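Visitor: Hi, I'd like a quick tour of this protein model. Could you show it to me and then take my questions?

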Amino acid sequence: MNYEQIFKNIDDILWKEAGCSNELDYVEQTSWILFLKYLDDLEIERSDEMALQGKDYTYIIKKEFRWNTWACPKTAKGEIDHKAAMTGDDLSDFVNLKLFPYLKNFKASAATPDTLEYKIGEIFSELKNKIVSGYNMREILNYADGLHFQASRDKHEMSHLYESKIHKMGNAGRNGGEYYTSRPLIRTIVRVVEPKIGDTIYDGACGSAGFLCEAFNYLNEKAKTVEQKQILQKQTFYGKEKKGLAYIIGIMNMIFHGVEAPNIMHTNTLAEDLSQIQQRDRKDVILANPPFGGKERSEIQQNFPIKTGETAYLFMEHFIKMLKTGGRAGVVIKNTFLSNTDNASIALRRELLESCNLHTILDCPSGVFTGVSS
């Protein structure tokens, strides 16, 4: 069975599930299950690599909570052991009362926020299981067991299918569009900005991490050495996202594209005081499509020298401050920004002109600024 069919089968089951009502729920529930399958494949791969070196591997996940113990136990032939596999209420109770609490605790015990352990804890602190029927969950787990994350070809296909799910979610209402930016537009901006290996790349409103994923794809093709690939894994991509579901989807999207422990923080970027941003915080490249049309509270506006309730304008102030001297940025912003005559728009345009050498692309419904910090 191919991966596309597996994804379709899982969606068909979720469509029948009382706890899931739309595409956003489908993606959310698929994400945590795929994440645990990915994590198990990753740990098996690491264990095999250590064994080749004659060393023991210390698993992150206790045996009781590993995929092949609770989700899909196997027979000696490597097939799912249907007699040992939990189902119905037994499975639901295990997931809700044991598995999720165990995984949440990783957030408190992890050494630092940039570790895989911390990401596990944060993801399961944000999520709850909405698959009410343990029988539906059993079917989903059986299908998910057919997915694999170890070969680069598998990861490529997985990332493509996951992007398709995010695209569908972007058209599903409930503000789904905040999760998805047109991929051709993102790829064009990345090519114009031309990030390089060794640059730090930042998106302070990363949503489903489309910009960071495309930048990774762009640079990964150029990475020729183990050292360069490690730089891309650990020292290149940084994101922030306010909303819980978008944060989880962004982490999953980056994982499927090949970044093992994404440096994405779950935080409200605009709650940070601009005056507290130091040189060490600034980045070489900024790529973003910040939300616009929203209104921020007056206490949030106090963090910015140009006072406005428009979220997109506050993000632009943030990005100007976050960009290193000589850094490059490509930011999507609504096209009326160029013609608005309110005080905030005029002041922000002046700030942009003074701080950056700007280029503007306006062949899309929104404006796109690309520029170099001066």
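Guide: One term before we start. Helices (H or I, at least four residues) and strands (E, at least two) are DSSP runs, numbered from the N terminus. This is a predicted model, so local features need pLDDT of at least 70 and side-chain atom pairs count only at pLDDT 80 or more, while totals for chains, interfaces and linings use all residues. Residues are numbered from 1 along each chain as its sequence is written, and side-chain values use heavy atoms, with hydrogens and water left out.

Visitor: Okay. Where is Ile 6 found?

Guide: Ile 6 sits in helix α1.

Visitor: Is Ile 6 buried or exposed?

Guide: Buried, because its relative accessibility is 3%. Buried means under 20% relative accessible area, exposed means over 50%, and partly exposed is in between (1.4 Å probe, protein chains only).

Visitor: How many residues lie between Ile 6 and Ile 140 in sequence, and how far apart are they in space?

Guide: They are 134 residues apart in sequence. In space their C-alpha atoms are 9.1 Å apart.

Visitor: New topic. How many salt bridges does a search of the whole structure find?

Guide: The search finds 13. A salt bridge here is a side-chain nitrogen of Lys or Arg within 4 Å of a carboxyl oxygen of Asp or Glu.

Visitor: Which residue does Asp 12 meet in a salt bridge?

Guide: Lys 8, at 3.2 Å from N to O. Asp 12 is partly exposed at 37% relative accessibility. Lys 8 is partly exposed too, at 46%.

Visitor: Which pair does Glu 260 form with a salt bridge?

Guide: Glu 260 pairs with Arg 46, at 3.0 Å from N to O. This pair links distant parts of the chain, 214 residues apart. Glu 260 is in the loop between α12 (244–257) and β3 (263–266), and Arg 46 is in helix α2 (residues 23–52). Glu 260 is partly exposed at 29%. Arg 46 is partly exposed at 26%.

Visitor: And what does Arg 183 form a salt bridge with?

Guide: With Glu 163, where the closest N and O atoms are 2.8 Å apart. Arg 183 belongs to helix α9 and Glu 163 to helix α8 (residues 152–170), 20 residues apart. Arg 183 is buried, with a relative accessible area of 6%. Glu 163 is buried as well, at 12%. Elsewhere, salt bridges that share partners join Asp 25, Glu 28 and Lys 130 into one network.

Visitor: Which residues does Asn 340 touch?

Guide: Tyr 313, Ser 345, Ile 346 and Arg 349, not counting residues up to four places away in sequence. Asn 340 lies in the loop between β5 (323–334) and α15 (343–355). Its relative accessible area is 22%, so Asn 340 is partly exposed.

Visitor: Backbone next. What is phi of Glu 194 near?

Guide: It is near 55 degrees, a positive value in a residue other than glycine. Most residues other than glycine have a negative phi. Glu 194 is in the loop between α9 and β1, and is partly exposed at 43%.

Visitor: What about phi of Ala 209?

Guide: Phi of Ala 209 is near 65 degrees, also positive. Ala 209 lies in the loop between β1 and α10 (210–220). At 0% relative accessibility, Ala 209 is buried.

Visitor: Last one. Where does Lys 196 lie?

Guide: In the loop between α9 (183–193) and β1 (201–203). Lys 196 is partly exposed, with a relative accessible area of 48%.

Note on methods:
Contact = heavy atoms within 4.5 Å.
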